[in-house]
Amino acid sequence: MEYRELGRTGEKVSVIGMGCWQIGLSKNHGDWAGEVASLRRGIELGMNLIDTAERYSAGRSEELVGEAVRDCRDDVFIATKVAPPNLHHDAVIRACKDSVRRLGVSHVDLYQVHWPDPAVPIKETMSAMEQLVRDGLVRYIGVSNFSAAETEDARAALARNEISSNQVEYALTNRSVESDILPYCVRENITLMAYSPLARGRIVGSIPADILRKYAMSPAQAMLNWVTRNEQVVAIPKASSVKHQEENASSVAVRLSAAEYDKMQQG
Ligand code: NAP
């Protein structure tokens, strides 16, 4: 596994992490052992970055992450999120305490604002985030679905801490962040955490066969390799099976050439 520094934190997170949206959905009627096993296998393979949110499966995603890391908490970097309508000061504090309880941990490594909410002053949300850092419940602060301008506002609203990451949608099939958010993150040393890097399972069928053959890669692996070709990016695919998790973990074992990345974009 390849590791990259998260923002300017000095923390090394795996280039390929594990997304946990839809982990613990009630349609599975309590049978979530496979999803927990998949997370545990990912950790074994060096994927230390785990992304969840208070919203995912009404809190059950956080509970299952907690179950997966119970005996290896210090080996992983847990990122979770607070969402509107919890962005007022006291609601942020309450939401974080609830997340920490569901996760069964003493603190969250990265606490992210899930979406911006123009109805709540960013200063108010960020002051709560800083209180959480002071109180030891959160180590680092991130945002998600923020434009470059909104990220700049969030940074300006912080007195003592930095914005370490912005989690946004980025995949071979959706490159809109390349015009504005990615260059901003590169310039300001903020990690771009790519969500839905496998296009939510709609794996691209047009990746040149010679590239897949040369590196013995599946199309999903090629997509993850491509999306993390920039040093400022880490990706958080979601895999509910051990087989997919193993495939994702080995997707960056080798790097393609710049010409091959270009060719994938044209395919
Ligand atoms: P994704 O990771 O792009 O795609 C997940 C889908 O790909 C699942 O159906 C999964 O199947 C399949 N898959 C995984 N590994 C595969 C492989 N090696 N080969 C073939 N198929 C594979 O989509 P996502 O869940 O939307 O995004 C990932 C994470 O990003 C989320 O879990 C969440 O943590 C985060 N996210 C954040 C936001 C936000 O607003 N901040 C929004 C969306 C997502 P199986 O489950 O069957 O393995």
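Q: In which loop is Pro 85 found?

A: A loop is named here by the elements on either side. In this predicted model, Pro 85 is found in the loop between E5 and helix H3, the latter formed by residues 89–103.

Q: Is the peptide bond from Pro 84 to Pro 85 cis or trans?

A: The angle omega describes the peptide bond. From Pro 84 to Pro 85, omega is near 10° and the bond is cis.

Q: Where is the place of Thr 80, and does Thr 80 count as buried or exposed?

A: One reads the element and then the relative accessibility. Thr 80 has its place in strand E5, which comprises residues 77–82. Thr 80 counts as buried because its relative accessibility is 0%, and buried means under 20%.

Q: Which side chain is joined to that of Thr 80 by a polar contact of 2.6 Å?

A: For a polar contact, one reads the two partners and the distance. The partner here is Glu 62, and the 2.6 Å contact is between the two side chains. A polar atom of the Thr 80 side chain also lies 3.4 Å from the backbone nitrogen of Ala 53.

Q: Does Ser 179 count as buried or exposed?

A: Ser 179 counts as exposed because its relative accessibility is 64%, and exposed means over 50%. Ser 179 is found in the loop between strand E8 (163–169) and helix H6 (181–188). A polar atom of the Ser 179 side chain lies 3.1 Å from the backbone oxygen of Ser 176.

Q: What is the relative accessible area of Pro 116?

A: Values between the two cut-offs are called partly exposed. Pro 116 has a relative accessible area of 27%, and is therefore partly exposed. Pro 116 lies in the loop between strand E6 (108–113) and helix H4 (122–134).

Q: Which residues come nearest to the ligand?

A: One may begin with the residues around a ligand. Of the 29 around this one, Asp 51, Ser 196, Leu 198, Ser 240 and His 244 come nearest. The shell comprises 13 nonpolar, eleven polar and five charged residues. Helix H9 (residues 242–249) gives the most to the shell, with three residues. The ligand sits in the largest pocket.

Q: What is the phi of Ser 196?

A: Ser 196 is not a glycine, yet its phi is positive, at about 50°. Ser 196 lies in the loop between strand E9 (191–195) and helix H7 (209–215). Ser 196 counts as buried because its relative accessibility is 14%.

Q: Where is Asn 145 found?

A: Asn 145 is found in the loop between strand E7 (138–144) and helix H5 (148–156). Its phi is near 60°, a positive value in a residue other than glycine.

Q: How far does a polar side-chain atom of Asn 145 lie from an oxygen atom of the ligand?

A: The distance is 2.9 Å. Taken alone, the ligand exposes 900 Å², of which the protein buries 87%.

Definitions and conventions
Residues numbered from 1 in each chain as written. Predicted model: local features only at pLDDT ≥ 70, side-chain atom pairs only at ≥ 80, totals over all residues. Heavy atoms only, no water. Near = heavy atom within 4 Å. Polar contact = N/O pair within 3.5 Å; in protein donor to acceptor, adjacent residues only side chain to side chain. Areas by Shrake-Rupley, 256 points an atom, 1.4 Å probe, with all protein chains shown as cover. 1 Å grid on protein atoms, 1.4 Å probe; cavity = no way out; pocket = protein on both sides within 12 Å on 5 of 7 lines; lining within 4 Å. Sits in = over half its atoms within 2 Å of the grid points. Helix = DSSP H or I, 4+ residues; strand = E, 2+ residues; numbered from the N terminus. Nonpolar A, V, L, I, M, F, W, Y, C, P; charged D, E, K, R; others polar. Buried < 20%, exposed > 50% of the residue type's maximum accessible area, 1.4 Å probe, protein only.
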